[in-house]
Amino acid sequence: HGQLLDAYRAVYTYYIPIDQHARSTNYSQPTVTEQQHFIASPPSYQGLRRATLAYDNFGCPIQSLEEMWDPASKTYVKQRSTISNYTKANWGGEMLQKETFIDEISGFQKQVLYILTDDQKNIKSAAVQYQAKGDSGL
């Protein structure tokens with residue numbers, strides 16, 4: 001008969017407000033997700049990938065970072081990050097205004113600027129700009 005073996009696990013970290021009257025924890029939005037695999041010698045879990053996210057008061061992601069485990073240095077190495085900016089909409093919520101995607105290895109960046117419809121409920125158009133590492137301004 002088969003034997004159960006440790007092989008893989010995911011570890012989730014959440015923001016838990018201390019003030020119980022402020023907001024409840026949103027378990028669909030972890031602040032850190034780490035994927036690990038089991039190594040036999042010494043028996044332990046070693047990192048594979050880690051994603052870190054920050055959210056605004058509406059629960060929208062405002063910053064994310066993805067990292068991969070480097071066995072040689074035994075540390076996580078940044079791969080890519082995203083910064084998102086939102087604007088308050090006249091209907092009470094918020095809408096995406098700008099996103100910046102950064103390749104943390106090459107330094108290459110892509111920025112997307114969004115233009116909303118008149119009722120601010122949809123994105124009407126988007127303008128995309130690119131910038132290589134060392135180039136001036138986006």
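Which side chains meet in a salt bridge at 3.0 Å, N to O? I found that the side chains of E66 and R80 do, taking a salt bridge as a side-chain nitrogen of Lys or Arg within 4 Å of a carboxyl oxygen of Asp or Glu.

**Entry 1, ground rules.** I note that this is a predicted model, in which local features need pLDDT of at least 70 and side-chain atom pairs count only at pLDDT 80 or more, while totals for chains, interfaces and linings use all residues. Residues are numbered from 1 along each chain as its sequence is written, and side-chain values use heavy atoms, with hydrogens and water left out.

**Entry 2, the sheet.** I looked up the strands, which are DSSP runs of E with at least two residues, numbered from the N terminus. Eight of them form an open sheet with antiparallel pairing, in the order β1-β2-β3-β4-β5-β6-β7-β8, where two strands pair if DSSP finds at least two bridges between them. Because β1 (8-13) and β8 stand at the edges with a single partner strand each, one side of each has no neighbour in the sheet. From one strand to the next the twist averages 15°, the axes being lines fitted to C-alpha atoms and the angles running from 0 to 180 degrees between N-to-C directions.

**Entry 3, β4 and its salt bridges.** I then turned to strand β4 (residues 61-70), which is joined by eight bridges to the antiparallel strand β5 (residues 75-88). E66 stands opposite R80 in β5. I counted three salt bridges in the structure. E66 also forms one with R49, the closest N and O atoms being 3.7 Å apart; since E66 lies in strand β4 and R49 in strand β3, this pair ties together parts that are 17 residues apart in sequence. E67 forms a salt bridge with R50, with the closest N and O atoms 2.8 Å apart, and because E67 belongs to strand β4 and R50 to strand β3, the parts tied together are again 17 residues apart in sequence. Returning to E66 and R80, whose side chains meet at 3.0 Å, I see that the pair ties together parts 14 residues apart in sequence, as E66 is in strand β4 and R80 in strand β5. Salt bridges with shared partners join R49, E66 and R80 into one network.

Is E67 buried or exposed? E67 is buried, because its relative accessible area is 8%, where buried means under 20%, exposed over 50% and partly exposed in between (1.4 Å probe, protein chains only). E66 counts as partly exposed at 22%, and R50 is partly exposed at 25%.

The peptide bond from S41 to P42 is cis, with omega near -15°, and P42 has its place in the loop between β2 (32-39) and β3 (44-55). In the loop between β4 and β5 I found K74, whose phi is near 55°, a positive value in a residue other than glycine; K74 is exposed, with a relative accessible area of 59%. Q120 lies in the loop between β7 (109-116) and β8 and has a positive phi near 60°, though it is not glycine.

Conventions:
Helices (H or I, at least four residues) and strands (E, at least two) are DSSP runs, numbered from the N terminus.
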